[in-house]
Amino acid sequence: MYAQEVKSTGKGLKTLEEMDPEERAFQEKIDANIKIEPKEWMPEGYRKTLIRQISQHAHSEIVGQLPEGNWITRAPTLDRKAILLAKVQDEAGHGLYLYCAAETLGISRDQMTEQLLSGKAKYSSIFNYPTLTWADIGAIGWLVDGAAIMNQVPIQRCSFGPYSRAMIRVCKEESFHQRQGYDIMMVLAKGTPEQKEMAQDALNRWWWPSLMMFGPPDAESVHSVQSMAWKIKMNTNDELRQKFVDQTVPQAEYLGLKVPDDDLKWNEEKDGYDFGEIDWGEFYEILKGNGPCNKERLGARQKAWSDGEWFREGLMAYSKKRKARKVAAE
Ligand code: 3HC
């Protein structure tokens, strides 16, 4: 039983014996891979963890549109513009599925929006970096969406029904996102020396922040142990990070690009790459709001919210009028 194993690591989770009957019945469903649906009983901590993770996942999708949206008007060809437009629109859809999944747990869209705009809620650290050249759009698709796929595929099997079902649709679209990014990198890497240099520069700037997307090292992860006992999280942060490195390094080699890590070395014994130290100081600075683009990203979302006030008021006025007409007609 996962909960019991974890107990043995002294992480303080309750064992089944220590749970009250309702909690035990719940954990036994989790352990039997039975999906939990919104209207079923769940521990308050399970609900809170899901609201936290799903709403921040949704915020990441919405804020994630900004770095790429910055290049839609500057895409080098009509095809690239159409592909990037489709990708950025997909991300909006991912955000909406995830906000809807979170709403089934009793939090409203307005509450989640307020948490984002006030800075209370997080979104993925990766979106606080600037997109300086067209190659960044390739690196984002290849690395950022590649990391997102690595992290989201296991969530398709998570215990909460609406979240796992949302991920099935999201992961299908993420694969297209990753492919189109890698295709941009292939064209540039096989292009002129200047284009190849642009691709290498983008890899240099996006490699380490992409590894940070998987979260802090397991030893510093606040939520992992409980989230894994509840099968909200199916793997640890370090496990998925390692899988991502092992999968991505050969892709960089195929492009003839160098991963910016002098400590990167294949480790036969572990059947994976050893890699250098991640700058967790940079990661935590970004979480505190001190990244290169934190203020710009949050400012863009705050401006979008205030610019849309007239539209929300119009919708509300119209729906109130319709309701009043309906009542009058009854
Ligand atoms: N950026 C911002 N905050 C992060 C983070 C990151 N990369 N990694 C961890 N954190 C935060 C956590 O949210 C938590 O803070 P909180 O308690 O205030 O929420 C704290 O750091 C401790 O981290 P933990 O490892 O304990 O937290 P989790 O167990 O929640 O693990 C996670 C972090 C792996 C990101 C997990 O939340 C997760 O899998 N989330 C779902 C997937 C997701 O959100 N992906 C983000 C990218 S979406 C995307 O890329 C869109 C694509 O279309 C491009």
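Predicted model: local features only at pLDDT ≥ 70, side-chain atom pairs only at ≥ 80, totals over all residues.
Local features require pLDDT of at least 70, side-chain atom pairs count only at pLDDT 80 or more, and totals for chains, interfaces and linings use all residues. Residues are numbered from 1 along each chain as its sequence is written, and side-chain values use heavy atoms, with hydrogens and water left out.

**View A. Packing of helices H3 and H8.** Helix H3 (residues 44–63) and helix H8 (residues 161–189) pack at an angle of about 25°, and their axes are 13 Å apart. Helices (H or I, at least four residues) are DSSP runs numbered from the N terminus; axes are lines fitted to C-alpha atoms over the stretch in contact, and angles run from 0 to 180 degrees between N-to-C directions. H3 is therefore roughly parallel to H8 (angles under 35 degrees). Leu50, Gln53, Ile54, His57 and Glu61 of H3 make the contact with Tyr163, Met167, Val170 and Glu174 of H8 (contact means heavy atoms within 4.5 Å). By class, this contact of H3 with H8 comprises five nonpolar, two polar and two charged residues. Here Ala, Val, Leu, Ile, Met, Phe, Trp, Tyr, Cys and Pro count as nonpolar, Asp, Glu, Lys and Arg as charged, and the others, Gly among them, as polar.

**View B. Packing of helices H5 and H7.** The axes of helix H5 (residues 78–103) and helix H7 (residues 134–152) come within 13 Å and cross at roughly 45°. From H5, Arg80, Leu84, Lys87 and Glu91 meet Trp134, Ile137 and Asp145 in H7. The contact of H5 with H7 has three nonpolar, no polar and four charged residues.

**View C. Packing of helices H13 and H14.** Helix H13 (residues 294–307) and helix H14 (residues 309–329) have axes that come within 4 Å and cross at roughly 40°. H13 and H14 are therefore oblique to each other. Trp305, Ser306 and Asp307 of H13 make the contact with Glu309, Trp310 and Arg312 of H14. The residues of the contact of H13 with H14 are two nonpolar, one polar and three charged.

View D. Glu91, Lys122, Glu174, His223 and Lys233 come nearest of the 31 residues around the ligand (a heavy atom within 4 Å). An N or O atom in the side chain of Glu91 is 2.7 Å from an oxygen atom of the ligand. For the side chain of Ser221, the corresponding distance from an N or O atom to a ligand oxygen atom is 2.9 Å. For His223, a side-chain N or O atom is 2.6 Å from an oxygen atom of the ligand.

How values were computed
Helix = DSSP H or I, 4+ residues; strand = E, 2+ residues; numbered from the N terminus. Polar contact = N/O pair within 3.5 Å; in protein donor to acceptor, adjacent residues only side chain to side chain. Parallel < 35°, antiparallel > 145°, perpendicular 65-115°, else oblique.
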